[in-house]
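Here are my notes on this model, point by point. Please read them with the structure open.

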Amino acid sequence: MTGVSSAAAEPRAARDAVPPGERGATRITDRVVAKVAAQAAREAVGELPPDAARPHARVVVRHGAARVRVHLELDYPCDVGARCGRVRHRVAERVSTLTGMKVPEVTVRVERLHPAAEYGAAEGRTR
């Protein structure tokens with residue numbers, strides 16, 4: 001008797017497949033979200049003075065939502081409000097797109113302003 005049972009004929013992958021809702025979940029850590037936010041801030045802020053620190057971020061993730069705090073340094077004079085707005089928008093967009101999380105809050109903290117060399121010279125100021 002060379003009959004093959006229907007269970008043996010069915011591909012093993014099909015028999016052992018777990019429904020999508022029961023497979024588990026992917027967890028993205030706060031640290032990874034902070035790296036995504038910091039990179040987005042770097043993209044949004046543009047060119048910085050050579051002695052400026054790179055933007056960095058701190059994130060708290062709870063219930064699928066990321067609250068982000070970005071720390072950065074800017075050159076001066078500039079439209080600080082507009083640049084911070086661009087950073088907030090870019091960070092919220094990128095974190096949401098890349099992680100699938102809601103981003104209800106992005107706080108931007110300007111740690112330091114770097115005066116342009118020409119600005120100080122034009123005003124007759126010395127250090």
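1. A local pairing first. V61 has A66 of β2 as its bridge partner. Helix α3, residues 30-45, packs on the sheet and touches β1 and β2. The direction of α3 makes about 135 degrees with that of β1. Bear in mind throughout that this is a predicted model.

2. The hairpin. β1 and β2 pair in the antiparallel sense, over seven bridges. Two residues separate these strands in the hairpin. H63 sits in the turn and has a positive phi of about 55 degrees. Elsewhere in the pairing, A57 stands opposite V70 in β2.

3. The parallel pair. Strand β2 covers residues 65-76 and strand β3 covers residues 102-115. They pair in the parallel sense over 11 bridges. Between β2 and β3, the chain passes through helix α4, residues 80-99. This β-α-β crossover is right-handed. Within the pair, H71 stands opposite R109 in β3.

4. The sheet as a whole. Three strands make up an open sheet, ordered β1-β2-β3, with mixed pairing. β1 (56-62) and β3 are the edge strands, each pairing on one side only. Neighbouring strands are turned by 15 degrees against each other on average, direction ignored.

5. Overall layout. The protein has five helices and three strands. Along the sequence the pattern is α-α-α-β-β-α-β-α. Of the 127 residues in the protein, 28% are buried. Take the contacts between residues at least 6 apart in sequence: 65% of them join residues at least 24 apart.

6. Helix α3. This helix has 16 residues. From its first C-alpha to its last it reaches 22 Å, close to the 22 Å expected at 1.5 Å a residue. Its buried residues are V33, A34, V36, A37, A38, A40, A41, A44 and V45. What do the buried residues of α3 pack against? They pack against β1, β2 and α4. Just after the helix, G46 takes a positive phi of about 80 degrees.

7. Helix α4. It lies across β2 and β3 and runs at about 140 degrees to β3. R86 is found in this helix. Is R86 buried or partly exposed? R86 has a relative accessible area of 44%, so it counts as partly exposed, given that buried means under 20% and exposed over 50%. R86 and A41 are 45 residues apart in sequence, yet their C-alpha atoms are 8.6 Å apart in space.

8. The core. The largest nonpolar core holds 26 residues. Which of them touch the most other members? They are A66, V68, V70, V87, V91, V95 and V106. Each of α3, β1, β2, α4 and β3 supplies at least two residues of this core. α3 gives the most, with nine residues.

9. V106 in detail. This residue is among the core members that touch the most others. Leave aside its neighbours within four places in sequence. V106 is then in contact with V68, V70, R88, V91 and A92. Of these partners, V68, V70 and V91 are also named among the core members that touch the most others.

10. L74 in detail. L74 lies in strand β2. Its relative accessible area is 1%, so L74 is buried, as the cut-off for buried is under 20%. Which residues is L74 in contact with, leaving aside its neighbours within four places in sequence? They are V45, L48, V80, R83, V110, R112, L113 and H114. L74 and P49 are 25 residues apart in sequence and 7.7 Å apart in space, C-alpha to C-alpha.

How values were computed
Residues numbered from 1 in each chain as written. Predicted model: local features only at pLDDT ≥ 70, side-chain atom pairs only at ≥ 80, totals over all residues. Heavy atoms only, no water. Pairing = 2+ DSSP bridges. Helix = DSSP H or I, 4+ residues; strand = E, 2+ residues; numbered from the N terminus. Right-handed = clockwise from strand over helix to strand, strands pointing away. Axes fitted to C-alpha atoms, helices over the stretch in contact; angles between N-to-C directions. Contact = heavy atoms within 4.5 Å. Core = buried A, V, L, I, M, F, W, Y, C linked by side-chain atoms within 4.5 Å. Buried < 20%, exposed > 50% of the residue type's maximum accessible area, 1.4 Å probe, protein only. Expected span 1.5 Å × (residues − 1).
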